[in-house]
Amino acid sequence: MSVPFQLESGEVLTGVQVAYRTWGKLNANGDNGVLICHALTGSADADDWWGDLFGSGKAFEPDQDFIVCSNILGSCYGTTGATSINPNTGKVYGVSFPRITIRDMVHLQAALLEYLEVKSLGLVIGGSLGGMQVLEWALLYPEMVRTISPMASPGRHSAWSIGLSEAQRQAIYTDPNWQGGNYTSDAPPHQGLAVARMMAMITYRYWESFTNRFGRQQDESNQFAIASYLQYQGQKLIKRFDANTYIILTHAMDSHDVSWNRKDYQSVLQSIKQPTLVVSIDSDVLYPPVEQQEFADLIPHAQLGLIKSPHGHDAFLIDIEGLNEIVVSFRQEQDS
């Protein structure tokens with residue numbers, strides 16, 4: 001799929017490509033679509049990170065649903081982003097890739113679904129950055145979406161979350177290879193990105209999770225086990241992700257506010273008419289339960305599902321059995 005695409009900023013991207021995966025078959029009416037929206041460093045391979053939610057009697061049933069997951073705009077797994085070639089210059093975009101928003105991501109997903117001839121979505125679902133997209137789907141394409149499920153995500157990025165994003169970006173900027181902003185994909189390993197990932201991992205988990213797993217254990221070199229773990233996670237990310245992409249996507253997350261250029265926050269959430277499953281995690285320190293409770297209270301047909309877990313924000317990727325039960329129950333309610 002390759003189309004010209006106008007951003008909210010007014011800039012136009014040419015030759016836009018979208019990487020996507022599908023499972024199941026679209027029915028004759030084109031109305032059995034299910035859209036999965038991935039998180040910050042995720043990809044279209046939803047069966048890799050949510051594989052246990054796929055199958056008969058589970059949240060996603062390929063024998064009934066036509067399931068779609070696309071790599072979001074600005075990411076680095078096949079959809080146009082900082083690692084792509086700018087057709088106007090013949091060079092990698094790098095830092096010149098324009099600022100994007102969550103709404104830009106959703107509009108591109110909508111173009112993909114039109115291409116796939118999906119006319120209606122029975123469910124739009126996603127966690128973290130994915131949950132932000134879910135809320136915008138309900139607001140931008142209300143006639144196309146029948147139910148939504150935003151998970152472990154806010155209705156607008158808080159000062160807390162923006163501050164964490166900025167600290168992570170500054171870690172990238174201080175990398176010696178940054179060289180005044182010319183941080184290209186062929187630069188040496190992005191140690192600044194590794195540090196940003198270490199910061200992020202602390203917010204993705206919870207005190208109890210790290211305490212139970214690592215305590216004050218030390219490895220063979222007398223380094224604390226938690227330090228070794230964070231360093232491992234940082235090095236692991238730089239092998240599969242791009243620093244400019246990280247900057248672009250965290251800026252997009254910071255821009256997230258469902259009330260921006262609309263009415264006041266309360267009125268916007270109250271305008272969402274779809275049955276809504278809001279999923280919250282009791283130990284989430286990145287997007288704490290108070291944020292999900294806020295918009296669960298404001299969306300007219302919303303219910304709140306709570307995952308009790310020691311794993312923090314990442315519980316929506318870890319505590320799959322409990323998550324599956326909540327989603328299956330919600331979908332069955334809507335079908336009855």
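These legends walk through close-up views of one predicted model. Local features need pLDDT of at least 70 and side-chain atom pairs count only at pLDDT 80 or more, while totals for chains, interfaces and linings use all residues. Residues are numbered from 1 along each chain as its sequence is written, and side-chain values use heavy atoms, with hydrogens and water left out.

**View 1. Arginine 21 and its salt bridge with aspartate 45**. Welcome to the charged pairs: a search of the whole structure finds nine salt bridges (a side-chain nitrogen of Lys or Arg within 4 Å of a carboxyl oxygen of Asp or Glu). In this one, the closest N and O atoms of arginine 21 and aspartate 45 are 2.7 Å apart. Arginine 21 belongs to strand β3 (residues 20–23) and aspartate 45 to the loop between β4 (33–37) and α1 (46–49), so the pair ties together parts 24 residues apart in sequence. Helices (H or I, at least four residues) and strands (E, at least two) are DSSP runs, numbered from the N terminus.

**View 2. Arginine 21 with aspartate 47**. Here the closest N and O atoms are 3.0 Å apart. The pair links strand β3 to helix α1, 26 residues apart. Arginine 21 is partly exposed at 28% relative accessibility, and aspartate 47 is partly exposed at 29% (buried means under 20% relative accessible area, exposed over 50%, partly exposed in between; 1.4 Å probe, protein chains only).

**View 3. Glutamate 136 and arginine 103, a salt bridge between two helices**. Their closest N and O atoms are 3.1 Å apart. Glutamate 136 sits in helix α3 (residues 129–140) and arginine 103 in helix α2 (residues 102–115), so parts 33 residues apart in sequence are tied together. Glutamate 136 is buried at 1% relative accessibility, and arginine 103 is buried at 8%. Both take part in a network of salt bridges linking Glu8, Arg103, Glu136 and Arg262.

**View 4. Aspartate 284 and histidine 313 in contact** (heavy atoms within 4.5 Å). Aspartate 284 lies in the loop between β10 (276–281) and α10 (289–298) and is buried at 3% relative accessible area. Histidine 313, in the loop between β11 (302–307) and α11 (315–318), is buried at 2%. Leaving aside residues up to four places away in sequence, histidine 313 touches residues including Ser128, Thr203 and Tyr204.
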